[in-house]
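This report goes through selected local features of one protein model, region by region. Please keep the sequence and the structure open while reading.

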Amino acid sequence: MPDQLILRVAVPAPLYNSFDYLPPDGTLAESLMPGVRVSVPFGRGDRCGILLELLTEGNIAGRRLKRAHAILDQAPLFMKADLEFLIWAGRYYQHPVGEVIANALPVRLRKGEPAASVKTTRWHLTDLGLLQQASSLKRAPKQAALLALLKESTNGLTKEHLAHQLDTYRSPLLAMQQKGWVEVLEHDDPESSASRGQSAAYALNSDQKSAVDAVDLGRFGAYLLDGVTGSGKTEVYLTLVNEVISKGRQALILVPEIGLTPQLIRRFEARLGQGVAVLHSGLGALEREQAWHLARLGHATVVLGTRSALFTPLPRLGLIVVDEEHDLSYKQQDGFRYSARDLAVIRGQRGDCPVILGSATPSLETLHNAQSGRYGHLKLTSRAGEAKLAQMDLLDIRSVRLEAGLSPLLIEQIRGTLQAGNQALLFINRRGYAPIVTCHDCGWVAECRRCDARMTLHGSSNILWCHHCGSQRRLDPHCPECGADDLRSLGQGTERVEEVLSQLFPEIGIVRIDRDTTRRKGSLDKLLEGIRKGKYSILLGTQMLAKGHHFPDVTLVGILDVDQGLFGADYRAAERMAQQIVQVSGRAGRAEKPGRVLIQTRHPDHPMMQLLIRRGYDAFASEALAERQSAAFPPFSYQVLLRAEAPQESAPRVFLDEAHQQGVALANGRVEFWGPVPAPMERRAGRYRAHLLLQAHQRSDLQRLLAQWVVSLASLKSARRVRWSVDVDPQEML
DNA sequence: AGCACGCCGACT
DNA sequence: GTCGGCGTGCTC
């Protein structure tokens, strides 16, 4: 029997091997292409997996294979190169292939549902509509414009295209439909080619020009695009993307969190038009899948999305951009713990296309790669429109009486800013009213029952809220310990600062932007709109304020609580603090209104802080890198974190001790083991957590160890009593 | 992860 | 005598 073909299938299950099946009954050989989905029996039930390869001999000798139920796709969903990239990623991050591939699929496809068609609905003129004259629509200019547009198009226009060309189209279109002038038709071809955005050349400054020229679009290269806020990184992206499109290839743009970068998205849509598939979080499952198919089939020329968009199949990929590459949201913090930024470089390498990593505050990893020559280093030094960077100063708040965390000097500066008719921005990286509630009589402190953490008071509703597990309870006016009624709240969050500011400046519009005020969809946009219109003169909020938005009328930035960054438990704390300060500072100022940044600190002499404000982020980063080098920390070494958690206090420790022993035996002395140690917050959401940290000078030594170690960990009996995970290149030790 | 099997405690 | 607890093992 020559037709003894065996299907190797990646089945979504937390298992580190793939599974072999016989082809479904009556399958034609040509339908068995790697990259199609296969429905297979698995254990008790059925699963939807992906066909990885065809074999003539299985490696499960003497076992009767089960027969797959059905091939679910007529054409592969992933090409060979994309499939191999996913397999590589799974191996690198020690995550089961089946789950990695499932992760890369839109949810509907994951569940085995039939692939959605990429039919588009487009508006056409009817025969009656074709007979109409624009001149007869003098009283309805919108309808006249619509009529003209539709007459020009040969193939009809999508509503996205209409929205792109006209500011309002809905009601005139409806009116025309009622007159029988227009109709909607379904098409199999996704886009009318006439709907490309215009790619007019924009004037680049000399920095931008040399950055664009330095990128070789013909082959792989990784580049750090290093430029302060407002230096025009987006213009460089757009120019490169346009060049790539004009060569008939596709571009992939990654952004940290889509809700926080509406300005970037709007610019891409405005400049590139209909070819942009934006993967919002707001898309429904079906819309999301259709955008995915458009990209996969090569109809979408640009895909813009958050970290998961990295896995979109793109047959003609010619450029990857990772905007704000330092942002931690590129690292997935559960399940498949990949870094989209790092994988972007791998994908570019494998697909032989350039990768641009953009940031005003590059991560030390990327900076190191640029300094060592592995990445090209493109610098944008001038701020567009000659805007000057804000002047940064430290405000010593030792022995200063603070009012809700605000020093008198800062308050005076705010007053001056408001009197000059400008806006002030205050950054407090702590939401809620106060982080501590305590009894003045007995010293009792409100703590979470499920975490080793204090509960934060949220003022308006007088509710205690644990920011780590989300549990909340009503604050009783009496101390639960001694019964006294002298509870006090210490420290301040955004709510209290807002309260005090509104007492200090009763006439002034104040807006607070944090997770609590922007929970509802669209509320962030609404608040930002108010800021743009000058409705508010004081802006205060958490890091949400520091991302993506620019506030040209802000001339004063106050940073309230920067000190925990200086002495954080994590060796990356200083880097993050510096990035945060520089990012917030970048929100302010423009040509005629240079901004000023005041940083309140109890450690004004701290050398790293001094370096940052006197000589800027680059100098800070060089020094921080030198410290990392002398301590042999990443990026001068490589780390893997084995995490374990369980409801029983001892279980993680028992597991990690065994894991440690096994690891040492496998490592041949080329890997250092630190721990096990309890996690920084040992108990969280009722589970005890502990870590074992591995470090090596060579990635390959860690990779070799992991391949064997992870399999043997899975078979440990102590592993059954914990939830464990391997974090390759961990970013946060939480 | 699910989901079976299997071997010991309190119940209609 | 069963119902069901969760320890252990398997998934092509």
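## Local features of the predicted model

Ser39 has a relative accessibility of 17% and therefore counts as buried, the cut-off being under 20%. The model is a predicted one. Ser39 belongs to strand β3, which runs over residues 37-42. Leaving out residues up to four places away in sequence, Ser39 touches Arg47, Ala68, His69, Ala70 and Leu72.

An unreviewed UniProt entry carries the annotation "binding site" for Cys448, Cys451, Cys466 and Cys469. These four span 22 residues in sequence, yet no two of their C-alpha atoms are more than 8.7 Å apart, so they gather at one spot. Cys451 sits in the loop between β17 (436-439) and β18 (456-458), and with 2% relative accessibility Cys451 counts as buried. Cys469 lies in the loop between β19 (463-465) and β20 (472-474). With residues up to four places away in sequence again not counted, Cys469 touches Cys448, Arg450, Cys451 and Ala685.

The feature "binding site" is also placed by UniProt, in an unreviewed entry, at Cys439, Cys442, Cys479 and Cys482. Although these residues are spread over 44 residues of sequence, they cluster in space, with a largest C-alpha distance of 8.6 Å. Cys442 is in the loop between β17 and β18, and its relative accessible area of 38% makes Cys442 partly exposed. Apart from neighbours within four places in sequence, Cys442 is in contact with Cys479, Glu481 and Cys482. Cys482 lies in the loop between β20 and β21 (487-490) and is partly exposed, with a relative accessible area of 40%. Not counting residues up to four places away in sequence, Cys482 touches Cys439, Asp441 and Cys442.

**Helices**

Which residues of helix α8 (residues 206-214) are buried? They are Asp207, Gln208, Ala211 and Val212. Viewed down the axis of α8, the buried residues fall within an arc of 130 degrees, so they line one face of the helix. The elements that cover them include β8 (221-227), α9 (233-246) and β14 (376-380). Ser206 and Asp213 are exposed and are carried on the face of α8 turned away from its buried side. At the start of α8, a side-chain oxygen of Asn205 comes to within 3.1 Å of the backbone nitrogen of Asp207.

Helix α5 (residues 141-152) and helix α7 (residues 170-178) have axes that come within 9 Å and cross at roughly 75 degrees. The two helices, α5 and α7, are therefore roughly perpendicular to each other. On the α5 side the contact is made by Lys142, Gln143, Leu146 and Leu147, and on the α7 side by Pro172, Leu173, Ala175 and Met176.

**Tyr571 and its surroundings**

Tyr571 is located in the loop between β24 (554-559) and α17 (573-585). Residues up to four places away in sequence aside, Tyr571 touches Arg628, Phe633, Pro634, Gln639 and Met733. Its side chain forms a polar contact of 2.8 Å with the side chain of Arg572, and a polar contact of 3.0 Å joins the side chains of Tyr571 and Gln639. From Tyr571 to Leu693 is 122 residues in sequence and 14 Å in space, C-alpha to C-alpha.

**Backbone geometry**

Pro634, one of the residues touched by Tyr571, also takes part in a cis peptide bond, with Pro635.

| Residue(s) | Feature | Angle |
|---|---|---|
| Pro634 and Pro635 | cis peptide bond | omega about 5 degrees |
| Gly675 and Pro676 | cis peptide bond | omega about 5 degrees |
| Glu324 | positive phi, not a glycine | phi about 50 degrees |
| Asn668 | positive phi, not a glycine | phi about 55 degrees |

Pro635 is in the loop between α18 (607-631) and β26 (638-646), whereas Pro676 lies in strand β27 (residues 672-684). Glu324 is placed in the loop between β12 (317-322) and α12 (340-351) and is buried, with a relative accessible area of 16%. Asn668 is found in the loop between α19 (651-667) and β27; Asn668 is exposed, at a relative accessible area of 68%.

How values were computed
Residues numbered from 1 in each chain as written. Chains lettered and ligands numbered in written order. Predicted model: local features only at pLDDT ≥ 70, side-chain atom pairs only at ≥ 80, totals over all residues. Heavy atoms only, no water. UniProt positions renumbered as here; feature names shortened; annotations may be inferred. Helix = DSSP H or I, 4+ residues; strand = E, 2+ residues; numbered from the N terminus. Buried < 20%, exposed > 50% of the residue type's maximum accessible area, 1.4 Å probe, protein only. Contact = heavy atoms within 4.5 Å. Arc of directions from axis to C-beta. Polar contact = N/O pair within 3.5 Å; in protein donor to acceptor, adjacent residues only side chain to side chain. Axes fitted to C-alpha atoms, helices over the stretch in contact; angles between N-to-C directions. Parallel < 35°, antiparallel > 145°, perpendicular 65-115°, else oblique.
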